Amino acid sequence: MLNIARGAPHPPHARTSGMKWLSAGLTFVNFSTVVGLILGMAANGLDRSVALTSLILGAVAAIFAYLRTSDSKTKIDTLDSTEPVAKFSEGAQRRLRRAGNLPSAPTAIHKYRNFWAWVLAACFAIFAVRSFCWLLYIAGNQLNIQSPNNLGDLALHITYIRNFASGVSLWPDNPIYVFSELRYPAGIDLFNALLCCLHLDLTRVLVWTGLIASVATFYSFLRWGGAFAVAGFLFNGGIAGFQFLKAFKFLDYQGDKTIAWKSIALSMFVTQRGLLYAIPAGLLLLWSWREKFWGTGTQDRVAAATAPLPFWVELSLYASMPLFHVHTFLALSIVLACLFIMGDARTRKHVVTLLASAFLPAAFFVWLITDHFQAGSVLEWHPGWVQDDDDFAAPFFQIGPLNFSAAIPLFGWLILKTWNGVVVPFFQFWLTNFGAWIPLVLALIGLCGWRVWKSDWRWSKKLPEDLAFLLPATAIFVFAFFVKTAPWGWDNLKIMIWAYFLVLPFLWTHLIARWSTPVRVAICIVLFGSGFVSLLGGLAAGRNGFGFADRAELDEVGVAIRKLPVEARFAAYPIYNHPLLLQGRKVVLGYPGHLWTEGFDYRETEEQLRELMGGAGDWRETARHLRARYIFWGREEKINYPMSGRPWEKTIAPVASGNWGAIYDLEGERASRPLPQTDLQPVDQPGRLFAMTAGDGCLPVARSHPFTK
């Protein structure tokens with residue numbers, strides 16, 4: 001079925017190149033990362049030669065992807081012109097009008113589609129520049145970030161990037177948990193580490209990755225669902241943002257802890273860096289499948305044996321997705337399963353070929369990021385998503401729960417379950433979070449289903465394009481509704497957003513676009529008003545920035561550990577922005593919030609770490625059990641272990657020390673010798689443990705900052 005609002009609003013021409021560039025860019029990232037991983041495993045770690053070879057091979061693959069990707073003009077491009085009717089014969093015009101796909105005359109909304117696309121491009125640019133140019137920046141002696149949502153997430157990604165770039169063996173041990181290899185789809189961090197191995201500045205790498213990914217994401221949404229899809233990504237929301245009408249203040253109302261459907265752009269795209277790659281790559285695959293099997297040039301492609309994407313690009317993007325974002329891989333797999341069930345013989349053949357070819361590489365990447373399948377399954381039957389969680393259940397108001405069983409003995413139990421399990425959550429949670437989206441999507445699915453039923457469709461035929469993508473969206477939503485895919489139920493949004501993305505093009509073309517202009521305007525305000533207010537409020541929230549790390553401390557620690565083995569593990573206080581972690585070094589325990597979301601039961605290890613840092617019992621044996629070679633004693637350790645006896649200070653000389661603290665080697669030559677008497681004296685100055693003289697071997701204070709040039 002032809003959609004007049006699908007695709008990018010380009011003027012008609014024989015061939016466009018936007019998707020060719022998108023395919024090339026994503027292939028460059030994909031191939032560089034996978035080749036870097038393979039060469040790094042063979043070379044026992046990343047170095048400059050591995051990084052340079054990987055990026056060169058990635059660039060070669062990108063050139064071939066650009067040349068082989070097809071982005072030809074379709075009838076959709078013709079309909080985007082100012083004279084769509086003249087492009088078809090009279091018979092074709094009548095057939096299109098009967099199908100509801102060709103307007104009798106150009107409408108105002110059609111004439112100004114380019115205008116709205118440019119408006120949304122400007123909004124996307126404001127979001128991208130504000131979010132990523134101030135992602136991590138210098139403010140005096142502090143490193144600041146723009147988004148408070150990003151404090152823990154950015155610290156974790158910096159840890160992974162610098163850990164990869166330090167030359168550790170691949171696949172590495174987990175830098176934040178001692179008894180595991182890395183359990184995280186860190187593909188985008190590995191790609192950034194390749195750039196850092198070429199001595200590119202980390203801050204600039206983070207910023208430019210975000211900016212370029214924003215361009216790719218904007219264009220992929222534009223080609224997938226037009227301006228409406230771009231608005232859906234930027235301004236998703238329900239009714240929370242309409243609190244603006246009370247005080248007329250732009251705040252991130254959806255960022256409140258009681259709201260589950262938060263801004264995708266602010267709470268996920270900026271913080272979950274795997275989505276910088278996964279969203280444009282996933283949309284490119286969806287666009288390719290739609291154009292291949294339902295595009296207006298399908299018959300021509302069959303005759304010419306061509307496809308929008310060459311099969312090897314399609315395979316590489318899909319099969320390697322677990323390395324970048326597991327939830328996107330699950331969503332795409334559900335789409336492929338539905339296409340197999342509802343497609344014709346040609347569609348099924350392609351799906352089977354793709355799945356069979358991708359099985360081994362995808363299984364390898366899953367094996368890699370799950371600690372060789374040792375990670376326990378996080379899938380759990382949990383109906384209702386987070387509608388019953390204390391934090392999210394009733395954001396604004398509470399209805400009930402009520403007990404009907406006493407008043408209505410016969411049907412009381414059934415009414416009770418229906419009221420408390422369906423009616424109350426629908427009004428308290430779903431309408432509050434999603435607003436008009438739920439009734440509109442239900443109406444869309446019903447309308448498309450009714451059209452198929454009226455068309456006398458048979459199973460021997462291929463489903464129309466709309467239902468072919470709406471049914472996978474429904475399956476993804478139902479899966480996320482009933483099955484918890486992470487320890488924190490809210491993380492189901494990582495897969496649920498794909499149901500939302502699948503619906504966007506068809507909600508506009510098959511429902512909203514058919515209504516009068518005043519109704520369309522009103523519906524768009526209802527759908528996007530809350531998200532618009534919350535996005536602006538979120539961008540303004542970090543006007544003065546949020547403290548992230550002390551530059552001097554980070555510099556000095558970086559110099560102090562430079563000559564220490566990169567595979568060594570440190571005992572230190574578990575906090576997200578510890579200078580050791582920001583330098584990419586391994587610690588016994590990282591931030592508990594990160595450990596919990598990765599599914600670790602860390603309580604016993606945390607207690608053992610507390611005993612070690614407190615100097616209790618046989619602390620040497622505890623250190624050996626925790627595989628800790630070094631003890632780091634700095635600002636956070638002094639604050640959080642104030643009663644520690646620090647027995648290591650009596651027997652071990654520090655291998656490095658300074659204003660930031662000291663590091664003790666438990667396996668060094670002097671580890672068992674008594675510490676000779678020196679002029680070393682403890683002081684109470686915050687952030688400084690020892691007053692040291694030049695003769696004590698104090699390391700010089702570094703003036704160069706590892707994050708900036």
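Before you click anything, a word on terms: helices here are DSSP runs of H or I with at least four residues, strands are runs of E with at least two, and both are numbered from the N terminus. Keep in mind, too, that you're looking at a predicted model.

**The whole chain**

Start with everything in cartoon view. The protein chain has 29 helices and twelve strands. Of its 709 residues, 56% count as buried.

Next, find the open sheet of five strands, whose order is 7-6-8-10-9 and whose pairing is mixed. Which strands stand at the edges? Select 586-587 for strand 7 and 654-658 for strand 9: each has a single partner strand, so one side of each has no neighbour in the sheet.

Then select residues 569-571 (strand 6) and 630-634 (strand 8), which run parallel and are joined by two bridges. Show Phe570 and you'll find Tyr630 of strand 8 standing opposite.

**Rings meeting rings**

A search of the whole structure turns up 55 aromatic pairs. Let's visit two of them. For Phe124 and Phe127, the ring centres are 5.8 Å apart and the planes are at 80 degrees; angles over 60 count as edge-to-face, so that's what this pair is. Both residues lie in helix 6 (residues 113-133), three residues apart, which is about one turn of the helix. Are they buried or exposed? Phe124 has 3% relative accessibility, so it counts as buried, and Phe127, at 0%, counts as buried as well.

Now jump to Phe244 and Phe250. Their ring centres are 4.7 Å apart with planes at 40 degrees, so this pair is tilted. Phe244 is buried, with a relative accessible area of 17%, while Phe250 is partly exposed at 40%.

**Charges over rings**

Select Lys20 and Tyr66 and show their side chains. The charged end of Lys20 sits over the Tyr66 ring, 4.8 Å from its centre. For another example, go to Arg130, which lies over the face of Trp134 at 5.3 Å from the ring centre.

For the last stops, here's some background: most peptide bonds are trans, and most residues other than glycine have a negative phi.

Zoom in on Leu170 and Trp171. What kind of peptide bond joins them? It's a cis bond, with omega about -5 degrees. Trp171 lies in the loop between helix 7 (151-165) and helix 8 (187-197).

Finish in the loop between helix 17 (345-369) and strand 3 (380-381), where you'll find Asp371. Asp371 isn't a glycine, yet it has a positive phi of about 55 degrees. Phe373 is in the loop between helix 17 and strand 3 too, and has a positive phi of about 65 degrees without being a glycine. Check the surface around them: Asp371 counts as buried at 6% relative accessibility, whereas Phe373 is exposed, with a relative accessible area of 51%.

Notes. Residues numbered from 1 in each chain as written. Predicted model: local features only at pLDDT ≥ 70, side-chain atom pairs only at ≥ 80, totals over all residues. Heavy atoms only, no water. Pairing = 2+ DSSP bridges. Phe/Tyr/Trp six-rings, centres within 6.5 Å; stacked < 30°, edge-to-face > 60°. Buried < 20%, exposed > 50% of the residue type's maximum accessible area, 1.4 Å probe, protein only. Lys NZ or Arg CZ within 6 Å of the ring centre and 35° of its normal.
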